[in-house]
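Colleague: I am new to this structure and would like to learn how to read its helix packing. Could you walk me through it step by step?

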Amino acid sequence: MRGERRKKLHLSQIYSFKCGIGGFKDEHSQIGRPGFSRVVFCNEPDGADTSIRSYATNYVKSTKYTAASFLPKSLFEQFRRVANFYFLVTGCLSFTPLAPYTASSAILPLIEVIGATMVNEGIEDFQRKKQDIEINNRKVKVHQDFQGDGMAKSESG
């Protein structure tokens, strides 16, 4: 009985082996038929229809702020935090005669905390910008097809 079980179990009947062997030819037999063929253009900047195709650049930008948008965006981010918004409201209420404390004791700590956080975010964003410039100026290998026969040469540039 033990020998019969071993004869019945074939590797091609196990799912992982069956997928790898049998499915490869069936999937690729459809290439070239209607609905399965496609033309791939590999970055031909000198081609006739270059204006139609818009090639994406490899430019990296991971910064959050620009020089003009730093103050408004940073203040918006600061006051999205509930604690900062709460202390802003209590600071505004401290200007009324009903407040049991002075306005400066409510506003100055808020300004210090927000100022320190904004300076920290500015430094981090500037460091990200320096890293982006470094990455964008790296030398890369470029694939160029000079002969038009699929034979490529690699160049640095």
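Modeller: The axes of α4 and α5 cross at roughly 150° and come within 9 Å. Here an axis is a line fitted to C-alpha atoms, for helices over the stretch in contact, and angles run from 0 to 180 degrees between N-to-C directions. Before we go on, note that this is a predicted model, in which local features need pLDDT of at least 70 and side-chain atom pairs count only at pLDDT 80 or more, while totals for chains, interfaces and linings use all residues. Residues are numbered from 1 along each chain as its sequence is written, and side-chain values use heavy atoms, with hydrogens and water left out.

Colleague: What do I call the arrangement of α4 and α5?

Modeller: In general, two packed helices are described by the angle between their axes and the distance between the axes. Angles under 35 degrees count as roughly parallel, over 145 as roughly antiparallel, 65 to 115 as roughly perpendicular and the rest as oblique. α4 and α5 are therefore roughly antiparallel to each other. Their crossing is left-handed; that word applies if the near helix is turned anticlockwise from the far one by less than a right angle, and right-handed applies if clockwise.

Colleague: Which residues of α4 and α5 meet?

Modeller: Contact means heavy atoms within 4.5 Å. On the α4 side there are N84, F87, L88, T90, G91 and C92, and they meet A106, I107, L110, V113 and I114 in α5. By class, this contact of α4 with α5 has 8 nonpolar, 3 polar and no charged residues. Ala, Val, Leu, Ile, Met, Phe, Trp, Tyr, Cys and Pro count as nonpolar, Asp, Glu, Lys and Arg as charged, and the others, Gly among them, as polar.

Colleague: How does α3 pack against α5?

Modeller: Helix α3 (residues 70-80) and helix α5 (residues 103-136) pack at about 120°, with axes 10 Å apart. That makes α3 oblique to α5. The crossing of these two is right-handed. From α3, the contact takes in F70, L71, S74, L75, Q78 and F79, and from α5 it takes in L110, I114, T117, M118, E121 and G122. The classes in the contact of α3 with α5 are 7 nonpolar, 4 polar and 1 charged.

Colleague: And at what angle do α3 and α4 cross?

Modeller: Their axes cross at roughly 90° and come within 5 Å. That makes α3 roughly perpendicular to α4. Q78, F79 and R80 of α3 make the contact with V82, N84, F85 and L88 of α4. The residues there divide into 4 nonpolar, 2 polar and 1 charged.

Colleague: Which residues of α5 are buried?

Modeller: An α-helix has 3.6 residues a turn, so residues three or four places apart point the same way. Buried means under 20% relative accessible area, exposed over 50%, and partly exposed in between (1.4 Å probe, protein chains only). In α5 the buried residues are A103, A106, I107, L110, I114, M118, E121, D125 and D132. What covers them includes α3 and α4 (82-93).

Colleague: Is T117 buried or partly exposed?

Modeller: T117, in helix α5, counts as partly exposed because its relative accessibility is 24%. Not counting residues up to four places away in sequence, T117 touches Q78 and R81. T117 and Q78 are 39 residues apart in sequence, yet 8.2 Å apart in space, C-alpha to C-alpha.

Colleague: How many residues does α5 have, and how far does it reach?

Modeller: α5 has 34 residues and spans 48 Å from its first C-alpha to its last, close to the 50 Å expected at 1.5 Å a residue. The expected span is 1.5 Å times one less than the number of residues.

Colleague: How many helices and strands does the protein have?

Modeller: There are 5 helices and 2 strands, and from the N terminus on the elements run α-α-α-α-α-β-β. Helices (H or I, at least four residues) and strands (E, at least two) are DSSP runs, numbered from the N terminus. Of the 157 residues, 12% count as buried.
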